[in-house]
Amino acid sequence: MKRVLITGAAGFLGSHLCDKFLDNGFKVVGMDNFLTGSEDNISHLFGNSNFEFYHHDVTKFVHVPGEVDYILHFASPASPIDYLEMPIQTLKVGSLAPYNLLGLARVKKSRFIIASTSEVYGDPNVHPQKEDYWGNVNPIGPRGVYDEAKRFQEAITMGYHTFHGVNTGMVRIFNTYGPRMRLDDGRALPAFMSQALRGEDITVFGDGSQTRSFCYVADLVEGIYRLTMSDYHQPVNIGNPQEITIKEFAEEIVALTGSKSKVIYKDLPKDDPKVRQPDITRAKEILDWTPKVDRAEGLKLTLDYFQKKVK
């Protein structure tokens, strides 16, 4: 059986990746320090003989005994609330952690995949965003700690690929949603859905004309799995290109929940991107991947989870 190390294993995406690799016959080593992850997300795996877990901070030296065929680095605060509250930890997990893990990948001869992000494009001047666009990022703005950590992560990964021959891959993740998101993580979907279910006002920042593209987690995980199994080393956008304004998205959530919540508007945070939509041509051509779950279906699946969490 092949063996995979997944950092950030107790997080939203990391826990779904653990499930995916176990379902596909892998031994999974999960690693997390629970800074933003939750043991609840992986508690169902603790009885699985093919799953082992290390409570560890990956910004410190990482050692895993035995063979490791794949390493997926998915540890990081990933919402504006998190990385504004934990700027130093965010920078360290995007710099010291990949340094540690790429060293491990070099020794173990592992394929190494980093979780990059659409935030490397910043507030883009190109729309939709293609992988060859270098981005429009403010390195000293409030979002810079996350954006630049991810951009550095890509740079060091390419450095190890070029100079040490490490087998690497990079996934640029666009807005993703689904079960196991935290209600309080500050991103649009959990904020809107939890507010609607509690009958509170729905808070939209700016005038709501900014756009996002939301991908259901099962589709995203499938794309990441295909990239891991490939030998492609350039960045690949994984996301759903179906674009919607934040105002329309808030209205969809109100309608779906049957809530009487009103949509209210507050000032747009500094450097908040005005548009966000992936060009997934590369994923289609290299990975034969396209998203399958439309937003209406995905939101219903997510609502079931949030209803239980709000109760």
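**Entry 1: helix 8**

I began with the buried residues of helix 8, which pack against helix 6 (188-198), strand 8 (202-205), strand 9 (211-213), strand 12 (243-245), strand 13 (263-266) and helix 10 (295-310). This is a predicted model, where local features need pLDDT of at least 70 and side-chain atom pairs count only at pLDDT 80 or more, while totals for chains, interfaces and linings use all residues. Residues are numbered from 1 along each chain as its sequence is written, and side-chain values use heavy atoms, with hydrogens and water left out.

I noted how the elements are named: helices (H or I, at least four residues) and strands (E, at least two) are DSSP runs, numbered from the N terminus. Buried means under 20% relative accessible area, exposed over 50%, and partly exposed in between (1.4 Å probe, protein chains only).

Which residues of helix 8 are buried? I found Ile246, Phe249, Ala250, Ile253 and Val254. They lie on the same side of helix 8, because they cover an arc of only 140° around the axis. The arc is that of the directions from the helix axis to the C-beta atoms. An α-helix has 3.6 residues a turn, so residues three or four places apart point the same way.

I then checked the length. Helix 8 (residues 246-257) has twelve residues and reaches 17 Å from its first C-alpha to its last, close to the expected 16 Å. The expected span is 1.5 Å times one less than the number of residues. Gly258 follows helix 8, and its phi is positive, near 70°.

**Entry 2: the whole chain**

I counted ten helices and 13 strands in the chain. Its radius of gyration is 19 Å, which agrees with the value near 19 Å for a compact globule of 311 residues. That radius is taken over C-alpha atoms, and the globule rule is 2.2 Å times the number of residues to the power 0.38. The C-alpha trace spans about 55 × 45 × 40 Å along its principal axes. Of the 311 residues, 55% are buried.

**Entry 3: two cores**

A nonpolar core is a set of buried Ala, Val, Leu, Ile, Met, Phe, Trp, Tyr and Cys residues joined through side-chain atoms within 4.5 Å. The largest has 59 residues, and Ile6, Phe21, Val28, Leu72, Phe74 and Phe192 touch the most other members. I looked up Ile6 next. Contact means heavy atoms within 4.5 Å. Leaving aside neighbours within four places in sequence, Ile6 is in contact with residues including Leu17, Phe21, Val28 and Leu72. A second, separate core of 21 residues includes Leu5, Leu102, Ala105 and Tyr160.

**Entry 4: loops**

I turned to the loop between strand 5 (111-117) and helix 5 (144-164), where Pro128 is found. A cis peptide bond joins His127 and Pro128, with omega about -10°. Asn125 is in the loop between strand 5 and helix 5 too. Is Asn125 buried or exposed? Asn125 counts as exposed, at 63% relative accessibility. Beyond its neighbours within four places in sequence, Asn125 is in contact with Tyr133 and Asn136.

Lys109 has phi near 60°, and Arg180 has phi near 85°. Lys109 sits between helix 4 (96-108) and strand 5. Arg180 sits between strand 7 (176-177) and helix 6. Lys109 is exposed, with a relative accessible area of 74%. Arg180 is buried, with 17%.
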